[in-house]
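Look through the structure below.

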Amino acid sequence: MVRSTGADMKKLKVAVLISGRGSNMGSLARAAMDPDYPVEIVLVLSNKPHVGGLELAQEHGLSIQVVDQKAYASRDDHDRAVTEALQASGAELVCLAGYMRILGDAFVNSWRGRLINIHPSLLPSFIGLDTHARALERGVRIHGCTVHFVNNELDAGPIIAQAAVPVVPGDSEESLAARVLEAEHKLYPHALRLIAEQKVRWTGDQAVRDMNAAADDVAIMGDGGA
Ligand code: GRF
């Protein structure tokens, strides 16, 4: 996908799908402001109108589009409209960033290997919603976040990179969520760079193939890494 460094670097064209506040999209947008970051964000797309993330994207000067799920009769119709918007933007890779809608198999299959997500737990623990509450309930001492390729099973695609944070005695769901979110904002731009620089690739089976990725590229320990 990417290829060289410097001003004439050919950047990977990325679209970001959001449904809400879009803080992870914001972290990708901030990373992409660096001329040496190998990614260009070509579109921020929301399935819901009037969400905070759209405003944030505009503040970053990014193109935005709403494909309102309420305007479509079926999931597949909506997915198709999203695909059309993505294709029109020239996106080569799609980042889900708080996109709160299950994607149909046809969509997932057509973007296979080019569709990634960030999830607020150390997968395969705590698949689904309310991850921080469940982590506290379960009494884990280490929690975190995961960037993974998307496959047809919920939160189960091949893992690209993870960041770990401690669970501190006395943590509330909010304090733990805030610590993980800070780690997410570091992990997502980092993991996206690994793909853009072709250090990590999904070859089709369950595992991700690391080409030149080092251990500290794919496993960020502590409070989310430096
Ligand atoms: C994040 O915690 C992300 O891991 C999860 O949804 C949340 C989205 O937050 N998939 P934001 O919209 O990026 O602020």
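Some sorting comes first: Ala, Val, Leu, Ile, Met, Phe, Trp, Tyr, Cys and Pro count as nonpolar, Asp, Glu, Lys and Arg as charged, and the others, Gly among them, as polar. The model you are looking at is predicted.

Sorted this way, the shell around the ligand holds 6 nonpolar, 7 polar and 2 charged residues. Which of the 15 residues around the ligand come nearest? They are Arg21, Ser23, Asn24, Gly98 and Pro120. Helix H1 (23–32), strand S5 (115–119) and helix H6 (173–196) each give at least two residues to this shell.

Now step back to the domains. The chain is divided into domain 1 (1–111) and domain 2 (119–145 + 160–226). Their centres, taken over C-alpha atoms, are 21 Å apart. Domain 1 brings 14 residues to the contact, and domain 2 brings 11. On the domain 1 side, S1, H1 and S4 each supply at least two residues. H1 gives the most, with 5 residues. That side of domain 1 has 11 nonpolar residues, 3 polar and no charged. Why does the ligand lie between the domains? Both domain 1 and domain 2 give residues to the shell around the ligand, so the ligand lies between them.

Next comes the sheet. It is open, has 8 strands, and runs in the order S3-S2-S1-S4-S5-S6-S7-S10, with mixed pairing. Strands S3 (64–66) and S10 (219–220) stand at the edges with a single partner strand each, so one side of each has no neighbour in the sheet. Strand S4 (residues 93–96) runs parallel to S5, joined by 3 bridges. Here Cys95 stands opposite Ile116 in S5.

Note on methods: Residues are numbered from 1 along each chain as its sequence is written. This is a predicted model: local features need pLDDT of at least 70, side-chain atom pairs count only at pLDDT 80 or more; totals for chains, interfaces and linings use all residues. A residue is near a molecule or strand if its C-beta atom, placed from the backbone, lies within 6 Å of it. Helices (H or I, at least four residues) and strands (E, at least two) are DSSP runs, numbered from the N terminus. Domain bounds come from an automatic or database domain assignment. Two strands pair if DSSP finds at least two bridges between them. Two residues are in contact if their C-beta atoms, placed from the backbone, lie within 7 Å.
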